[in-house]
Amino acid sequence: MITVENLRKTYGDFPAVVGSDFSVESGEVFGIVGPNGAGKTTTLKMLAGLVEPTGGSASVLGYDPEEPAMRRKLGFLPEESPLYEDMTARSYLRFFADLYDVPRDVADERTGAVLDRLDLEYRDRRLGDMSKGMKRKVAIARSLVNDPDLLIYDEPASGLDPLTTNVVLEFVRELRDEDKTVVFSAHNLFHVESICDRVVIMNRGEIIARGTVPEIRAEHGETTYRVFTTVPLAETLPADDGADGEERHVAVVDEMAAVESLRERAEAAGGRVADIRTDEASLEDIFLRLAREAPTTSEAEGGRGGGTGGTTAVDESEQRVVGGNEHS
């Protein structure tokens with residue numbers, strides 16, 4: 001589906017993306033995560049054919065990203081997606097369907113079904129009168145108007161309230177169930193951990209970890225064990241009593257051998273191990289540790305080019321994705 005080899009992008013002397021290598025399989029949800037300035041947006045725009053790489057290569061759906069045939073199989077959602085505010089949701093989606101030469105009846109059925117699933121009721125309201133969450137749902141429907149094989153979403157839940165965020169994330173899961181391939185970026189690592197099949201973590205333009213969340217956790221995370229005993233030991237601290245009122249003490253260790261040692265010593269002291277709880281590092285914990293260990297540079301992704309300066313710039317970018325169409 002997507003193959004990236006040594007992909008690079010520099011702006012002057014500034015390295016925005018440094019030698020990225022990864023692949024995305026058909027039908028998976030693939031996350032690109034990291035802080036502002038990590039290179040996420042630049043990477044996604046290179047895959048969408050909106051930013052030309054400085055070096056390396058990318059194959060998307062078997063095409064070079066700049067080929068019009070690829071763009072017609074792609075749905076792209078930028079992080080900032082101002083809409084034509086004088087249009088209604090219905091007229092706006094019909095406009096983009098026309099750019100893709102989608103018949104009116106097919107477009108209305110397709111976008112109506114998407115808006116039903118996203119729970120957007122007011123389809124004849126001016127976009128300028130809609131909330132941010134409503135506008136985001138319309139933008140997502142726009143990305144699907146051409147029934148693409150691949151969806152590239154840059155921060156799809158950025159700035160949304162928790163309820164709308166959950167709707168958007170559940171919709172991404174549904175797209176995977178329909179054998180769509182979704183590549184998206186995010187700041188919120190909990191969202192990524194909950195829906196992604198595989199992940200790359202970027203920082204300062206470089207990929208610093210990759211794999212499934214369990215693989216990343218196994219390679220870079222730390223597992224600790226909270227051992228609750230019924231008698232005090234040298235390394236334990238007082239803990240809340242158990243449900244049956246039994247006295248408890250707790251120690252935190254990072255090896256099963258230490259757990260077994262606590263068990264033996266508790267029994268020797270006339271007590272026992274009442275409970276053992278495993279604590280695994282979250283994706284956010286791992287990222288923060290890796291980011292602290294990375295060399296420091298100064299960068300700000302907002303000045304890297306290919307940005308979204310306003311309604312016209314964003315919609316022109318959207319129309320550029322509709323390759324080979326006389327309207328673009």
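## Overall picture

Of the contacts in the chain with a separation of 6 or more, 72% link residues 24 or more positions apart. Contact here means heavy atoms within 4.5 Å. This is a predicted model: local features need pLDDT of at least 70, side-chain atom pairs count only at pLDDT 80 or more, and totals for chains, interfaces and linings use all residues. Residues are numbered from 1 along each chain as its sequence is written, and side-chain values use heavy atoms, leaving out hydrogens and water.

The chain holds 11 helices and 13 strands. Helices (H or I, at least four residues) and strands (E, at least two) are DSSP runs, numbered from the N terminus. Of the 328 residues, 48% count as buried, meaning under 20% relative accessible area with a 1.4 Å probe, protein chains only.

## The β2-β1-β4 sheet

Three strands make an open sheet, ordered β2-β1-β4, with antiparallel pairing. Strands pair if DSSP finds at least two bridges between them. β2 (14-24) and β4 (55-60) are the edge strands; each has a single partner strand, so one side of each lacks a neighbour in the sheet. Neighbouring strands are turned by 25° against each other on average, direction ignored.

β1 (residues 2-11) and β2 run antiparallel, joined by seven bridges. Thr3 has Ser23 in β2 as its bridge partner. Helix α1 (residues 40-47) packs on this sheet and touches β1, β2 and β4. The direction of α1 makes about 120° with that of β1. Such angles run from 0 to 180 degrees between N-to-C directions, with axes fitted as lines to C-alpha atoms, for helices over the stretch in contact.

Strand β5 (residues 74-77) is covered on both faces. Leu74 and Phe76 are buried on one side, Gly75 and Leu77 on the other. In a regular strand, side chains alternate between the two faces of the sheet.

β5 runs parallel to β6 (residues 150-154), and four bridges join them. Leu77 has Tyr153 in β6 as its bridge partner.

## Helices α5 and α6

α5 (residues 132-143) and α6 (residues 162-177) pack at about 15°, with axes 10 Å apart. The two are therefore roughly parallel, a label for angles under 35 degrees. Their crossing is right-handed: the near helix is turned clockwise from the far one by less than a right angle.

Gly133, Lys137 and Ile140 in α5 meet Thr164, Val167, Val168 and Phe171 in α6. These contact residues divide into four nonpolar, two polar and one charged. Asp, Glu, Lys and Arg count as charged; Ala, Val, Leu, Ile, Met, Phe, Trp, Tyr, Cys and Pro as nonpolar; the others, Gly among them, as polar.

Notes
Angles under 35 degrees count as roughly parallel, over 145 as roughly antiparallel, 65 to 115 as roughly perpendicular and the rest as oblique. Buried means under 20% relative accessible area, exposed over 50%, partly exposed in between (1.4 Å probe, protein chains only).
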